[in-house]
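Dear colleague,

I am passing on the structure below, followed by an account of what was found in it. Please keep it open beside the text as you read.

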Amino acid sequence: KTCKCECPYVQCYPPQVLNEKTCQCECPYVKCEYGQVLNPKTCKCECPYVQCYPPQVLNEKTCQCECPYVKCEYGQVLNPKTCKCECPYDLQCEYGQVLNPKT
């Protein structure tokens, strides 16, 4: 037999594992995406509390509020605050023309 230091009073529950150097239960190495944080109880990457205002929804991968998928007609751009397709602000009409946002 050999002499060995142990952590006799520590019991870890999955998914945590025992760090034998510190006698602490820890998550195995997990790399979270930018913006996510590691939940030490579940060992999963999560978004910190983020409140999205409709019509935006939370993207669980980036932890950012985004518009649900919207396909704009040719020439229109998506307004990220309203999640609606609009004419670009810099669109200039020729003299005598008027902007029709429906065409």
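Strands, labelled E, are DSSP runs of at least two residues, and they are numbered from the N terminus. The model is a predicted one, and that should be kept in mind throughout. With those labels, Gln-36 is found in the loop between strand E2 (24-26) and strand E3 (37-39). At a relative accessibility of 16%, Gln-36 counts as buried, and once its neighbours within four places in sequence are left aside, it is in contact with Cys-45, Glu-46, Glu-60, Lys-61 and Cys-63.

In the pair formed by Cys-52 and Cys-65, the sulfur atoms are 2.1 Å apart. The torsion about the S-S bond of Cys-52 and Cys-65 is about -90°, so this disulfide is left-handed. Cys-52 lies in the loop between strand E4 (44-46) and strand E5 (57-59), while Cys-65 belongs to strand E6 (residues 64-66), so the pair ties together parts that are 13 residues apart in sequence. As for accessibility, Cys-52 counts as buried at 19%, whereas Cys-65, at 26%, counts as partly exposed.

The disulfide of Cys-67 and Cys-83 has its sulfur atoms 2.2 Å apart, and with -90° about the S-S bond this link is left-handed. It joins distant parts of the chain, with Cys-67 in the loop between E6 and strand E7 (77-79) and Cys-83 in the loop between E7 and strand E8 (84-86), 16 residues apart. Both Cys-67 and Cys-83 are buried, and for Cys-83 the relative accessibility is 10%.

What surrounds Cys-83, leaving aside its neighbours within four places in sequence? Cys-83 is in contact with Pro-55, Gln-56, Cys-67, Pro-68, Val-70 and Leu-78, with those sequence neighbours left out. Pro-55 is 28 residues from Cys-83 along the chain, and yet the C-alpha atoms of the two are separated by 6.6 Å.

In the disulfide of Cys-72 and Cys-85, the sulfur atoms are 2.1 Å apart. The torsion about the S-S bond of Cys-72 and Cys-85 is about -90°, so this disulfide is left-handed. Cys-72 sits in the loop between E6 and E7 and Cys-85 in strand E8, so the pair ties together parts that are 13 residues apart in sequence. Cys-72 counts as partly exposed at 22% relative accessibility, and Cys-85 is partly exposed with a relative accessible area of 26%.

Two further cysteines deserve a separate word. At 85% relative accessibility Cys-3 counts as exposed, and Cys-5 is exposed with a relative accessible area of 75%.

With kind regards

Key. Residues numbered from 1 in each chain as written. Predicted model: local features only at pLDDT ≥ 70, side-chain atom pairs only at ≥ 80, totals over all residues. Heavy atoms only, no water. Disulfide = S-S within 2.5 Å. Helix = DSSP H or I, 4+ residues; strand = E, 2+ residues; numbered from the N terminus. Buried < 20%, exposed > 50% of the residue type's maximum accessible area, 1.4 Å probe, protein only. Contact = heavy atoms within 4.5 Å.
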